[in-house]
Amino acid sequence: MIQRNMVLAGLSLAILLAECVSSTTAATKTCDFETDLCGFATNTAKESAFRVAKVSTAPNGPTVDHEPGTDQKSDAYATTTAVDDLRIPAKGPFCFTGWYHHSGIRTVPASFQSVQEGGKNITFRFATSGVSSSWQRVVYSETRLGTHQIVITVASERLGVYEAFALDDVTLQDGPCTPAPVDGSCDFDWGNACGYSVSHQSKDWALNHWTAVPEPTLGSLRPRDVTVGSFEGGFAIYKRSLWVKSSAVMSSPKLKGLGGKQCLRFYYFMPTYPSIMGNDNHTLEVSMLGGDKKSILLWKRSNSALLSDEWVQAEVSFNAKSTFQLNFNCSIDNGLHPGFYCAVDAVQLSDCTRPKGQYRQECDFEQGLCSWRNVRDRFNKLLPWVVHGGSIKSTLRHPSVDHTHGNRTGSYLYISTYNSLKGAEAQLLSDIVISDVKTTHCMSFWYIVAGDKSGRLRVKSTPPGVDPSRDKSSPLWEVGESGFDTWNQGQVAVNAGMRVLLSGVIGSPSTEGYIAVDDVVISSNASCDKLKRT
């Protein structure tokens with residue numbers, strides 16, 4: 001994860017909507033950027049840090065504005081030349097809501113801050129480009145009194161020709177935000193537990209703002225949260241008692257079953273701290289308690305099957321016809337485990353069509369990278385895989401349609417040869433391949449390798465805990481140039497207990513091209529015939 005203390009040169013947009021184009025009430029000010037920046041003024045005569053442009057005229061960025069969803073409306077786009085701050089004060093308490101679209105082939109950080117005069121500055125969203133192909137909503141409820149500024153900052157020196165940051169439909173409302181519905185989803189930010197059973201007691205799950213996590217100097221790794229991306233964000237945490245075996249359950253509020261299939265997605269984090277004395281056994285599991293008081297195990301990982309020192313997304317589907325509760329249970333064995341804890345964040349519950357089964361890894365990249373993550377190296381030589389398609393437009397060559405939906409609105413993984421060196425590589429790492437049965441594990445996916453003939457797409461298998469950027473093992477599967485715009489299927493057997501490394505290698509950048517991947521599935525199978533190896 002990109003460190004928030006990195007130098008962000010460039011663009012700052014402070015949002016006070018005193019002269020905006022529309023206002024629903026005297027206490028609510030809204031800007032849709034249709035004609036201008038709603039009265040925003042720069043403190044010098046230099047070019048403004050943001051410009052208003054009709055979506056149809058912008059070469060890169062979103063294909064449509066946020067609302068009403070047409071390319072004939074306008075957004076506010078970050079420029080690559082401005083260095084001035086735009087700052088207009090706001091009065092707390094207030095509720096800020098906005099929509100941003102962040103796309104590109106390289107990693108460009110952006111942040112949203114509430115800057116309090118004479119007080120603490122709070123980063124309420126830290127985001128990077130390339131992780132989503134759609135408009136993203138950001139909401140922040142400022143409860144502190146006094147004068148504030150809402151400041152949006154983009155690393156302008158990283159905004160290249162094919163990167164874009166757009167802003168739309170920003171609202172500033174007097175008073176705190178209306179609480180989100182209690183529906184099982186929760187980001188645990190700003191002290192809101194969304195009805196989940198957390199408390200101040202040391203034996204229970206708590207919000208990280210209630211239970212102080214020691215700083216790294218005291219032997220504990222404190223992570224940034226998932227949804228905010230900063231230390232100010234919240235997550236649920238359980239810290240065990242010393243010596244004795246302990247466990248704690250965090251329960252959701254009672255939820256109404258909709259009769260169909262439900263998808264549960266969440267992130268977990270566990271630091272690597274082996275016990276000084278005793279056992280290293282630890283388990284995280286999620287179960288569903290139905291209206292008949294019967295508990296059904298939905299998801300479970302123990303010991304080495306739990307990845308450490310990174311936020312890991314988990315996903316499982318289930319059927320719920322009546323009222324139910326979700327229970328997150330963390331258990332830790334006897335011994336002295338200083339600095340160890342379980343953390344959960346970004347819980348999402350929704351209707352879905354995903355096949356049941358906790359060991360199946362499946363991603364169509366419509367909602368991001370799923371449980372896959374980009375591999376970073378200390379010298380930043382590795383390229384990032386980015387989510388492309390969807391509502392992103394680009395003048396770079398790319399697939400005309402995705403594989404999942406076969407249309408222009410679907411998303412896929414993507415790397416471009418533009419401005420890259422020959423042999424440059426992008427690496428994507430899966431969760432651990434796990435199964436409760438002894439059978440073959442098969443990875444199936446669809447791909448395009450377009451451009452120079454020396455471009456390569458490779459699949460490797462790597463042990464957990466090993467730095468994949470230094471992996472020199474031979475690939476399980478490899479393919480070269482396959483032509484533009486035709487999706488091909490790849491399939492290869494992968495080993496249980498390992499992680500899958502998906503590697504794209506750039507050919508000659510003098511030949512315009514790209515590598516794209518879609519609809520990756522890792523599942524148990526009776527057999528797994530290898531498809532297309534060159």
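Guide: This is a predicted model, and its strands are DSSP runs of type E with at least two residues, numbered from the N terminus. By that rule, N329 is found in strand β21, which covers residues 324-332.

Visitor: Why is N329 called buried?

Guide: The label applies under 20% relative accessible area, and N329 has a value of 18%, so N329 counts as buried. Leaving aside residues up to four places away in sequence, N329 touches S247, A248, V249, T283, L284 and E285.

Visitor: What makes the rings of Y100 and F165 a stacked pair?

Guide: The centres of Y100 and F165 are 6.0 Å apart and their planes lie at 15 degrees, so the pair is stacked. This pair links distant parts of the chain, since Y100 belongs to strand β8 (residues 90-103) and F165 to strand β12 (residues 164-174), 65 residues apart. Under the pairing rule the count comes to 27 aromatic pairs, and Y100 and F165 also belong to one aromatic cluster together with F50, F96, F112, F124, Y140 and W190.

Visitor: Are Y100 and F165 buried or exposed?

Guide: Y100 has a relative accessible area of 6% and is therefore buried, while F165, at 1%, counts as buried as well.

Visitor: Why is the pair of Y268 and W299 described as tilted?

Guide: Planes under 30 degrees apart count as stacked and those over 60 as edge-to-face, with the rest called tilted. For Y268 and W299 the angle between the planes is 50 degrees, at 5.8 Å centre to centre, and the pair is tilted. Here too distant parts of the chain are linked, with Y268 in strand β16 (residues 261-269) and W299 in strand β19 (residues 295-302), 31 residues apart. Y268 is buried at a relative accessible area of 1%, and W299 counts as buried at 2%.

Visitor: How do you know that the charged end of R397 sits over the ring of F484?

Guide: The distance part of the rule asks for CZ of Arg within 6 Å of the ring centre, and an angle limit applies as well. The charged end of R397 is 3.7 Å from the centre of the F484 ring and is assigned as sitting over it. The charged end of R224 likewise sits over the ring of F231, 4.4 Å from its centre.

Visitor: Which residues have the most contacts inside the largest nonpolar core?

Guide: They are W205 and F266, in a core of 42 residues. Among the elements that give two or more residues to this core are β14 (236-239), β15 (246-251) and β18 (282-290), and the largest share, five residues, comes from β21. F266 touches, among others, L284, W299, F328 and V347, not counting residues up to four places away in sequence. A second, separate core of 31 residues includes W385, L428, V433 and L457.

Visitor: What makes β31 and β34 a pair of strands?

Guide: Pairing requires at least two bridges found by DSSP, and β31 (residues 456-462) is joined to β34 (residues 499-505) in the antiparallel sense over seven bridges, with T462 standing opposite R499 in β34. Three bridges join β31 to strand β32 (residues 477-479), also in an antiparallel arrangement, and L457 stands opposite V479 in β32. Strand β31 is mostly covered, five of its seven residues being buried.

Note on methods:
Residues are numbered from 1 along each chain as its sequence is written. This is a predicted model: local features need pLDDT of at least 70, side-chain atom pairs count only at pLDDT 80 or more; totals for chains, interfaces and linings use all residues. Side-chain values use heavy atoms; hydrogens and water are left out. Helices (H or I, at least four residues) and strands (E, at least two) are DSSP runs, numbered from the N terminus. Buried means under 20% relative accessible area, exposed over 50%, partly exposed in between (1.4 Å probe, protein chains only). Contact means heavy atoms within 4.5 Å. Rings of Phe, Tyr and Trp (its six-membered ring) pair if their centres lie within 6.5 Å; planes under 30 degrees apart count as stacked, over 60 as edge-to-face and the rest as tilted. A charge sits over a ring if NZ of Lys or CZ of Arg is within 6 Å of the ring centre and within 35 degrees of the ring normal. A nonpolar core is a set of buried Ala, Val, Leu, Ile, Met, Phe, Trp, Tyr and Cys residues joined through side-chain atoms within 4.5 Å.
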